[in-house]
Amino acid sequence: MSSLHLSSWRRILSVYLCLNQASRGQRLKELSQDTDVDPPPSHLGVGVVHHCPPAGKRDEIGSSQTQSGLLCTHTHIFKETAASVTGNAHNKAASDLQGPPSTSRRQGLGAKGLFLSLQIFWEDGIISGYRHPKSSALDCVLSSFQMNNETINIWTHFLPTWYFLWRFLVLSYSLDFWGDSYSWPFLAYMSLVCLYPFTSSCAHMFSTMSTHARHICYFLDYGALSLYSLGCAFTYGAYAMPDCWVNGPLHRYFVPTAAFNSFICTSLSCYSRFLELECPRVSKILRTVAFMYPFLFDNIPLFYRLLFCFGDGCAWNDSIAGYFYHLFFAALTGFLFASHLPERLAPGRFDFIGHSHQLFHICAVVGTHFQLEAVLWDLRSRRAWLSAHAPVAIFTHTFATLGAALLGNLALLATFTAALLRSAGGVSILQSNVPEAEPPKEK
Ligand SMILES: [Zn+2]
């Protein structure tokens, strides 16, 4: 980052910090009352840290020495707390865990629980750029204009939301969404295409308000993604089925099965968060399966058209290239999600720009763009044939299925949220008592 760029950031941040000073003081007071822990020292903000402690006092921070020179990441919060749990206070940990109620409360979760609860925010291969784990909503919004390890995650889904909304608006002039039942599956698909990047950018923005907020934000993110997979099934069922499968058993039960799959996807992905710290490998596998399963099911018609169907009855047209690119980027998205590359190879190098989650977002959006173009091609070019051969119910049952799936998924999200709040008292890793940072120790 150039020095000119840095000084601009510094000026913007200084203005923000001045404006935010009063509300931040109040917020710190509230936090200290809420959590019965000391407020952070003056050099720590609730949002992104303004001043870093002198370099000599930040040995614990390690690579959190700011890359920009301005943003002191919160790695030291994790490191210091981890150190106080596993290092200096190691001998004290047992007595903390067994101590009187007042001590236990003040220590939050006890040594192990405290350490685990902080790990909720930790990402593999990302060393620096963390925001404060108890940021206010305003700080979360403002942090999207500062460089931290979530900034590009937020923008790589916020800007595409507006792109898809713009496409939706333009298409509403050429397609009769109100009067033409043939376009209804596409209407439902476009709504869900706009919903998933918006939910994702909000989840990334507000995920550092607390540990509870983080879990709930990602519950919503997973719910939107599983509904998007249902949106894909709407359009594939209505416009992408090969001619020879239209009116067949898969065609008739395709969308209802996809709606049922969305419940499985939401349930597995949300449940995986409960295993995230104690069984991270199982959690990762469960979440990957949760999204792979509806993806594979939805794409059965495409796999058949692209790989196994030749000649008449295969709906071989110009949309095939778009579907091919869509599948390529979808595969890349899955690979990035599962592999955590490139940051796994060079921890700390890609904290701000270029880590796998940012690339994952970009590939997902590019894949959706190609999918949208391909579906539009099928919708237009196959209209006469499909209107004559496909049953009307394929188009008209769209909103009933969508409504049922929406309600069912919302009920699942509410259930997992209730389970999270209920179990937080007994399961240390789900508790929200994230401690504030302690002042750096003098050497
Ligand atoms: Zn994301």
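His-389 lies in helix H15 (residues 383-389), where helices are DSSP runs of H or I of at least four residues, strands are runs of E of at least two, and both are numbered from the N terminus. With 11 C-beta neighbours inside 10 Å, His-389 counts as exposed; a residue is termed buried if 20 or more other C-beta atoms lie within 10 Å of its own, exposed if 12 or fewer, and partly exposed in between, with C-beta atoms placed from the backbone. His-389 and Asp-243 are separated by 146 residues in sequence, but their C-alpha atoms are 9.1 Å apart in space. The model is predicted, so that local features require a pLDDT of at least 70 and side-chain atom pairs count only at pLDDT 80 or more, while totals for chains, interfaces and linings use all residues. Residues are numbered from 1 along each chain as its sequence is written.

The protein contains 17 helices and zero strands. Of its 443 residues, 44% are buried. Two residues are taken to be in contact if their C-beta atoms, placed from the backbone, lie within 7 Å. Among contacts between residues at least 6 apart in sequence, 74% join residues at least 24 apart.

The largest nonpolar core comprises 66 residues, of which Tyr-189, Leu-192, Val-193, Tyr-228, Leu-230 and Ala-233 touch the most other members. Such a core is a set of buried Ala, Val, Leu, Ile, Met, Phe, Trp, Tyr and Cys residues joined through C-beta atoms within 7 Å. At least two residues of this core are supplied by each of helix H7 (151-174), H8, H9, H10, H13, H14, helix H16 (393-396) and helix H17 (398-423). H9 provides the largest share, 17 residues. Leu-230 touches Leu-192, Ala-258, Ala-259, Ser-262 and Ala-405, when residues up to four places away in sequence are not counted. In soluble globular proteins, nonpolar side chains tend to be buried together.

Helix H8 (residues 184-206) has 23 residues and reaches 33 Å from its first C-alpha to its last, close to the 33 Å expected at 1.5 Å a residue; the expected span is 1.5 Å times one less than the number of residues. Because 19 of the 23 residues of H8 are buried, this helix is largely enclosed by the rest of the structure. For the 24 residues of H7, the span should be 34 Å at 1.5 Å a residue, and the 36 Å between its end C-alpha atoms agrees. The buried residues of H7 include Ile-152, Ile-154, Pro-160 and Phe-164. These buried residues of H7 pack against H8 and H14.

Two packed helices are described by the angle between their axes and the distance between the axes. The axes of H7 and H14 come within 8 Å and cross at roughly 15°; axes are lines fitted to C-alpha atoms, for helices over the stretch in contact, and angles run from 0 to 180 degrees between N-to-C directions. H7 and H14 are therefore roughly parallel to each other, given that angles under 35 degrees count as roughly parallel, over 145 as roughly antiparallel, 65 to 115 as roughly perpendicular and the rest as oblique. H7 passes H14 in a right-handed crossing; a crossing is right-handed if the near helix is turned clockwise from the far one by less than a right angle, and left-handed if anticlockwise. Residues making the contact include Thr-156, His-157 and Pro-160 of H7 and His-361, Ile-362 and Val-365 of H14.

The axes of H10 and H17 come within 10 Å and likewise cross at roughly 15°, so these helices are roughly parallel to each other. Their crossing is right-handed. Among the residues forming this contact are Ala-259, Ser-262 and Phe-263 of H10 and Ala-404, Ala-405 and Gly-408 of H17.

Several loop residues were also examined. In the loop between H13 and H14, His-340 has a phi near 55°, a positive value in a residue other than glycine. With 19 C-beta neighbours inside 10 Å, His-340 counts as partly exposed. Pro-342 is placed in the loop between helix H13 (319-339) and helix H14 (356-381), and the peptide bond from Leu-341 to Pro-342 is cis, with omega near 15°. Asn-247, in the loop between helix H9 (211-240) and helix H10 (249-274), has a positive phi near 75°. Asn-247 counts as exposed, with 12 C-beta neighbours inside 10 Å.
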